[in-house]
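I am opening a notebook on a structure I have not looked at before. The entries below follow the order in which I looked things up.

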Amino acid sequence: MDEFITACPRNCYSTCTFIVQVSGNRIKRILPFSGNRATPEGPCIKGLSYIERSSSRDRIIYPLIRKKDGTFIRIPSDEALDIISSRLGSIRNRYGSHSILWYRGSGMSGLTNEIGYSFWKAFGGTTITYGNLCWPAGLEAVRLTLGSVKHNVPWDLVNAKTIIIWGKNPAETNVHEIRFIAEARNRGAKVVLIDPVRTPSADKTDMMYSINPGTDAALALAIAKVLIDNGLIDCEFINNHVAGYESFRDSLNITPESAEEITGIPAGDIIKLAFMIGKGGPVTFLPGYGLQRHINGGQTVRSILALAVITGNIGKQGSGFNYANLQSYIFDSVKEPDSYYPDPKNDSPFRRTLSMAKLGQDMMNASDPVLKTAFIERGNPILQSPDSNKVSKAFSSMEFRVVVEQFMTDTAKIADIILPAKNMFEQSDIIGSYWSPYVQFKPKILESPGEVMPESEIYYELSKRLGLVCSENQIPEPGNQNIENWLKERIKGYSDLQLEDLRDGPVIAPGLQEIAYHDFKFETETGKIEIYSQTAYEKWNVSPVPEYVPIKRKDEENNFPLVLITPNASGRIHSQFGNLKVIAENSETPALMISPEDAERRKISDGCRIRIYNESGELFTAVRISNRIPSGAVLLHNGIWMEEGGGGNILISGRETDMGYGSAFHDNMVEIELAD
Amino acid sequence: MKKGFVFNQSLCVNCKACSAACSLENNFTVKVRNVLTYNREAAASVPLSHLSIACNHCEIPVCMMGCPVSAYRYDSLSEAVIVDESKCFGCKYCVWNCPYDAPKYDPVKGVIGKCHFCYSRLGEGIEPACSSGCPTGALSYADLSELNPMNTTEWFPENELSPSFRFKGITKNIPLRIIPDSLFIKKINSVPEEKKIRRSDWSLILFSFFSMLSVSFIASLLLKGELRDSLLLVILLFLPGVFSVFHLSKWYRAWRAVFNFKSSPLSREIAAYLFYVIISITSVFSHAPWLLVVAVVSGLLLLLAIDGVYIYSQKDPVVYLHSGQTFITALLLISFLSGSVWPFIFIACIKILISIYLYKPSGRNIDILRHIRNALLLVAGASIISGISYPQLSVIIIFLTGEFLDRILFYFDFEPTNINNLIYKHIAEGKYETERD
């Protein structure tokens with residue numbers, strides 16, 4: 001049996017390192033790799049499920065073409081590539097290259113994803129998406145304030161005396177953080193969760209505050225007021241490192257009493273929480289991504305971050321605002337969140353851009369040229385984009401769709417040609433992490449089954465057929481050795497990173513600050529923490545100081561009284577993994593979760609089939625009555641395939657966040673009723 | 001150095017990676033590792049915690065000791081208690097005997113599946129899949145000698161079996177403080193699952209009842225001196241065997257069932273039954289009265305063996321004092337069939353007193369059954385004492401119906417210790433911590 005060290009390239013905080021035992025081109029075992037200080041106990045259930053996923057019988061391993069009756073049949077790779085290249089060529093000639101939408105999701109991270117850019121640039125440009133479905137409002141908020149997006153290493157959390165988990169659910173989405181939270185508690189730290197829902201993370205804390213969805217900024221600003229009024233702030237820190245404190249202080253107009261009205265949390269408890277934060281230092285804030293998927297999301301994150309700033313909980317051991325740690329994102333020429341802008345700096349303007357948040361609408365409205373073709377890789381927009389009915393319609397109205405996929409996803413089902421996608425074990429690559437500080441190598445350890453080609457080889461073959469002129473080595477020739485050479489070339493500028501070292505396990509990112517901002521240098525215009533940000537106002541037309549902006553709902557939405565929350569499920573990364581047997585066996589069956597009160601009001605009992613609906617659409621699913629859900633909200637995990645009942649995106653309208661071009665997933669109202 | 005599973009509740013988030021790792025490593029057709037949740041309903045006033053559990057490979061392996069077909073073995077290298085599917089005949093006695101719910105019956109294959117400690121991995125020097133797969137370190141495989149076996153939650157059963165399992169860290173939980181206080185439901189709504197009589201139980205009820213009947217019949221013949229080779233007797237002798245085979249999925253492996261005579265009460269019961277049938281048949285057909293005495297004695301021993309099977313699984317007055325146990329019921333039947341009024345009255349009184357002594361109203365329909373059962377005995381007794389109607393068929397039917405009902409009630413009351421029930425009971429009885437810091 002051969003053993004390899006590899007790393008998980010999913011869109012996930014943990015980015016685990018693990019050992020793979022291989023025999024006969026099959027994965028036999030997945031074992032923990034203790035050399036990664038953030039994930040020494042090994043991967044989560046999803047990581048373990050690679051044993052099934054990598055050799056699943058459901059995997060697509062040959063190119064498939066859609067017949068007239070809608071079913072798929074296998075065609076030889078050459079023929080598939082011939083059809084694709086000739087269709088792409090002729091559409092470009094007839095309508096221009098911008099009539100092609102190149103859609104890529106976050107299905108697999110890695111440097112080799114850049115190869116696609118080289119192809120499409122050489123092709124003459126394409127239509128592409130801007131923004132991101134996940135986290136950009138918060139990234140922008142953090143960058144506006146601190147100048148960059150980083151935080152202390154994960155294991156520093158044990159030094160915190162108070163941990164405020166704000167809208168994050170590490171027990172399900174960053175399970176490795178639980179070790180550090182538990183260890184901090186062992187050492188006497190108080191742990192508080194702020195979340196509308198009693199998530200499994202709540203049960204790992206001392207207390208939880210159940211807040212009305214979308215009102216987090218009001219709570220944060222009320223806490224800020226209590227801190228300031230009671231002198232619980234770090235004046236020295238503010239004097240030395242903070243710009244615009246006075247404006248912020250003077251703008252505060254939310255009292256604990258008015259916050260009680262907004263957030264549903266009693267004023268007395270808000271004051272207690274403020275004192276915990278003010279007196280319980282060092283404090284680490286663990287904000288999640290859900291709280292910024294609101295139309296006021298960016299300002300919400302700025303408001304919470306302000307608490308860390310005025311109490312001096314930045315740049316010190318056991319403190320910080322752990323939104324995202326991009327210290328290992330060293331390779332990107334355009335740094336996030338910049339790379340999400342419609343026309344980012346440093347990126348030659350080869351493209352037309354459509355909003356990720358409003359994809360369906362933007363696709364339908366695209367003119368000059370109208371969209372004719374889609375090339376989709378690493379993503380499942382039919383299921384994961386807001387307003388998915390519109391997205392479906394927009395894709396359906398196209399002439400030609402290519403989807404590169406491992407499984408018959410809802411997006412693969414609308415393809416004209418499906419090209420089988422590699423899995424993470426079938427091509428070498430290098431990945432970073434947005435939580436731990438490591439750069440990691442994941443080697444090729446399995447031969448691809450059937451006629452699976454990595455995207456780099458698909459692009460190589462297509463560029464050859466289309467006669468594209470690429471500068472040397474931009475699209476490496478087939479063969480993993482060529483990819484590894486390409487990777488070596490790519491990391492050449494970093495003397496600390498050698499491919500041979502990376503093979504032995506994760507390597508700390510060059511220039512890492514274990515304690516982020518310990519030098520108190522901030523890459524803002526003023527060089528200080530900008531609690532007042534002129535840029536925020538100029539770029540995003542929001543108040544230059546953090547502000548609570550109530551979420552305004554349309555009058556029609558009054559008929560739909562329940563807030564729909566669609567977080568990630570523990571057994572899935574978005575729409576990945578849910579199709580596996582081992583995941584299904586160890587997860588609850590997908591269902592809408594509702595409070596006992598709301599269920600009773602609608603005469604709905606546990607397990608019933610129900611209809612969830614609003615102006616955007618409807619879907620049918622089972623219902624689970626849960627004591628974890630507050631009255632007035634319902635919860636449906638995202639990433640549930642249509643054949644399992646469908647994800648909530650049918651019910652979610654396409655709206656952008658206040659900054660960063662994120663998607664406001666959690667501002668939708670629904671009603672439910674018994675299905676017949 | 002004794003190694004085993006160590007569990008830290010504060011790190012477990014119910015992600016079920018342990019369970020997944022187990023099924024990915026092994027080809028069990030049943031889920032042998034499970035995560036149990038204390039307060040699964042997430043009632044706000046009750047602490048909430050999880051426990052990942054499979055087999056604890058006890059030093060006193062009651063599953064193995066009770067297995068009649070010797071399907072279990074102990075692997076000294078890995079210190080694992082292992083069940084061999086190819087020997088199991090599906091009697092599920094080990095399911096009763098294990099308080100940790102470790103042996104899992106696979107209804108499709110008709111055999112038991114159970115955690116085997118990943119003994120082949122241990123042989124390679126790799127820890128079991130479940131603990132290796134735990135991403136938080138909540139479940140680990142470690143040296144147990146340093147850890148206190150008494151550090152345990154109140155609802156964790158039977159430490160006297162010396163399970164290779166220890167809790168680490170905090171085992172006492174306090175309920176989560178939730179603000180605002182009024183938001184979430186505080187009390188647990190659901191009640192523990194009601195004990196039901198399953199199909200396999202019916203086969204055991206019939207086996208034990210007809211064993212009782214045949215022993216009593218032969219004994220009453222002996223007492224009355226009316227020895228004769230009747231068809232009824234032969235049927236009564238063989239019926240129990242036929243009924244008992246019904247609850248076995250692999251009845252063709254039943255010949256193995258006396259293999260574990262040394263330690264399994266079930267093996268002894270089966271052996272006793274075989275011996276009793278052979279002696280009885282021989283004695284009836286050879287018309288040898290002294291053999292008939294042996295047959296009656298062996299029959300009474302069989303009934304003691306039957307009672308022993310249950311007492312072994314649940315050492316509780318509810319079981320060993322139960323009025324529906326076969327030995328005491330057989331004594332009543334014998335006195336009834338032989339028309340011995342005073343012994344009958346004496347034993348009947350004992351049975352009724354026991355059932356009153358053990359009576360705990362449950363508020364369910366089963367309480368009515370208990371009253372009916374006692375009423376039937378009283379009616380039958382009154383008929384005998386008044387001497388009006390004995391041995392009329394109607395009285396016999398009334399009497400036997402009552403005793404049959406008692407045997408059924410025994411199966412309702414027989415609930416061997418099981419960790420799932422303990423969790424529910426503990427919550428239902430409100431024994432958990434309610435204090436917050």
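**Entries on a helix, an interface and a sheet**

I started just past a helix: Gly387(B), which directly follows α13(B), has a positive phi of about 70°. I keep in mind that this is a predicted model.

Next I checked the length of helix α13 of chain B, residues 366–386. At 1.5 Å a residue, its 21 residues should span 30 Å, and the end C-alpha atoms are 30 Å apart, so the two agree.

Which residues of α13(B) are buried? I listed Arg370(B), Arg373(B), Asn374(B), Leu376(B), Leu377(B), Ala380(B), Gly381(B) and Ile384(B). Looking down the axis of α13(B), I found these buried residues within an arc of 150°, so they line one face of the helix. The general rule I noted beside this is that an α-helix has 3.6 residues a turn, so residues three or four places apart point the same way.

I then turned to the face of α13(B) that points away from the buried side. Exposed residues sit there: Ile368(B), His371(B), Ala375(B), Ala382(B) and Ser386(B).

What do the buried residues of α13(B) pack against? I found α12 (341–357) and α14 (393–413), both of chain B.

I moved to the place where the chains meet. Here 31 residues of chain B are in contact with 39 residues of chain A. On the chain B side, the elements that give two or more residues are α1 (17–25), α5 (129–133) and β10 (177–179). The largest share, six residues, comes from α1(B). Sorted by class, this side of chain B has 20 nonpolar, eight polar and three charged residues.

I followed β10(B) across to the other chain. Three bridges join it to strand β10 of chain A, residues 207–209, and the two strands run parallel. Within this pairing, Ile178(B) is the bridge partner of Met208(A).

The last entry concerns a sheet in chain A. In what order do its three strands lie? I read β1-β2-β3 in an open sheet with antiparallel pairing. The edge strands are β1 (2–7) and β3 (26–32) of chain A, each pairing on one side only. From one strand to the next, the twist averages 30°.

I looked at one pairing of this sheet in detail. Six bridges join β1(A) to strand β2 of chain A, residues 17–23, and these run antiparallel. As one example, I noted that the bridge partner of Thr6(A) in β2(A) is Phe18(A).

How values were computed
Residues are numbered from 1 along each chain as its sequence is written. Chains are lettered from A and ligands numbered from 1 in the order in which they are written. This is a predicted model: local features need pLDDT of at least 70, side-chain atom pairs count only at pLDDT 80 or more; totals for chains, interfaces and linings use all residues. Helices (H or I, at least four residues) and strands (E, at least two) are DSSP runs, numbered from the N terminus. The expected span of a helix is 1.5 Å times one less than its number of residues. A residue is buried if 20 or more other C-beta atoms lie within 10 Å of its own, exposed if 12 or fewer, and partly exposed in between; C-beta atoms are placed from the backbone. The arc is that of the directions from the helix axis to the C-beta atoms. Two residues are in contact if their C-beta atoms, placed from the backbone, lie within 7 Å. Ala, Val, Leu, Ile, Met, Phe, Trp, Tyr, Cys and Pro count as nonpolar, Asp, Glu, Lys and Arg as charged, and the others, Gly among them, as polar. Two strands pair if DSSP finds at least two bridges between them. Axes are lines fitted to C-alpha atoms, for helices over the stretch in contact, and angles run from 0 to 180 degrees between N-to-C directions.
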